[in-house]
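Hello,

Here is the structure we talked about. Please open it and read my notes alongside.

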Amino acid sequence: MSSTHQTMTENARFPRLKIAVSDCLKGVECRYNGGHAQDEFVKHQLSQYADFVPFCPEAAVIGTPRETIRLVDVKGQVRVLGSKTATDYTDGLQEYAEKRVALIAERQVDGAVVKSRSPSCGLERIKVYRESGEWYGSSDPMRQGVFTEQLQKSMPYLAIEEEGRLQDAWLRENYVLQVFSAARWREFMQQSPDVKAFQDFHRDHKFLLLSKSEALYRRMGPIVAETTAQNLTEKLQEYGALFHEAIAEKGARGKMINVLEHLYGYFKKQVTEREKAFFRETLEEFREGTVPLIAVIKIIQQFIHHYGSEYLSTQIILHPYPPELALRSSIQAYR
Ligand code: SF4
């Protein structure tokens, strides 16, 4: 095999991420009580790979320390009121959100991590109280925090997760894969790609896209095939929308097994009976959930090293994010 294969796979370059983040998760003391909500993953892991675009709606509008706030249904309209004084902070918070979300969009962030259970930053399940101050449980509505709602409306395919949800290995793997993919697309577009570069981008993402959505992948191929120097801008835009939709899909063990079968297919005529048996056995263990994905990926990489495959050596699915994050080492990362 040529040394190029080895080099391309093992020296994969990863883009620097841009991540919008609730400031308190970074350890900034901006919570209502002057404390923070420092998150281990944000502060010590994500920070190594990302530049942050921080936000704290409540500190900017109300100040710190401050009374707590909550969402209240006031005559059919959700308002943000002080829990003690019932001061209505809605307009100020919305104005802040509009400006900050515009800045976040302008910076072209690849994802956001928001603080859970916050009426400003929460991604889901934020209680909406009745005007009387009561909340009757599941019969009463729950929704997003006002800032995050605005962020999601403005950037529908942005990867947004709460710090609590990111404790889940499956959600974390999906999130990290999505933000690194979004960052790769952002960097790619910044390089003013030509038709050849566009074809290469699509080729290198083939198996990653298949692991997310075969239907979307099948729609993306013809867009690339029909691209000419004349319609390049328009086709990139069309493709970019589908690319973001595809990477926002959650991965599944079944879809990944299909991809692994495809990758193995490149070597099935060359491998020995023992290699074949070992691959099959490991794939079965991955299917059963007793070994993590990385075990199967390592076998494929070994085939690439040993038998060579120019085509597979640049496939992003084999190195989608920095390996030291070790997300593929968890058996919980696939469902
Ligand atoms: S949850 Fe949001 S509004 Fe509350 S302190 Fe953190 S960043 Fe600020």
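**What I found**

Ala-326 sits in the segment after helix 14 (310-313). Helices (H or I, at least four residues) and strands (E, at least two) are DSSP runs, numbered from the N terminus. This is a predicted model: local features need pLDDT of at least 70, side-chain atom pairs count only at pLDDT 80 or more, and totals for chains, interfaces and linings use all residues. Residues are numbered from 1 along each chain as its sequence is written.

Ala-326 has a positive phi of about 55°, although it is not a glycine. Arg-125 also is not a glycine, and its phi is positive, about 55°. Most residues other than glycine have a negative phi, and most peptide bonds are trans. Arg-125 lies in the loop between strand 5 (111-114) and strand 6. Arg-125 counts as exposed because it has 11 C-beta neighbours inside 10 Å (buried means 20 or more other C-beta atoms within 10 Å of its own, exposed 12 or fewer, partly exposed in between; C-beta atoms are placed from the backbone).

The bond from Thr-64 to Pro-65 is cis, with omega near -5°. Pro-65 is in the loop between helix 3 and strand 3.

Two strands pair if DSSP finds at least two bridges between them. Strand 3 (residues 69-74) and strand 6 (residues 126-129) pair in the parallel sense over 2 bridges. Val-72 has Tyr-129 of strand 6 as its bridge partner.

Best wishes
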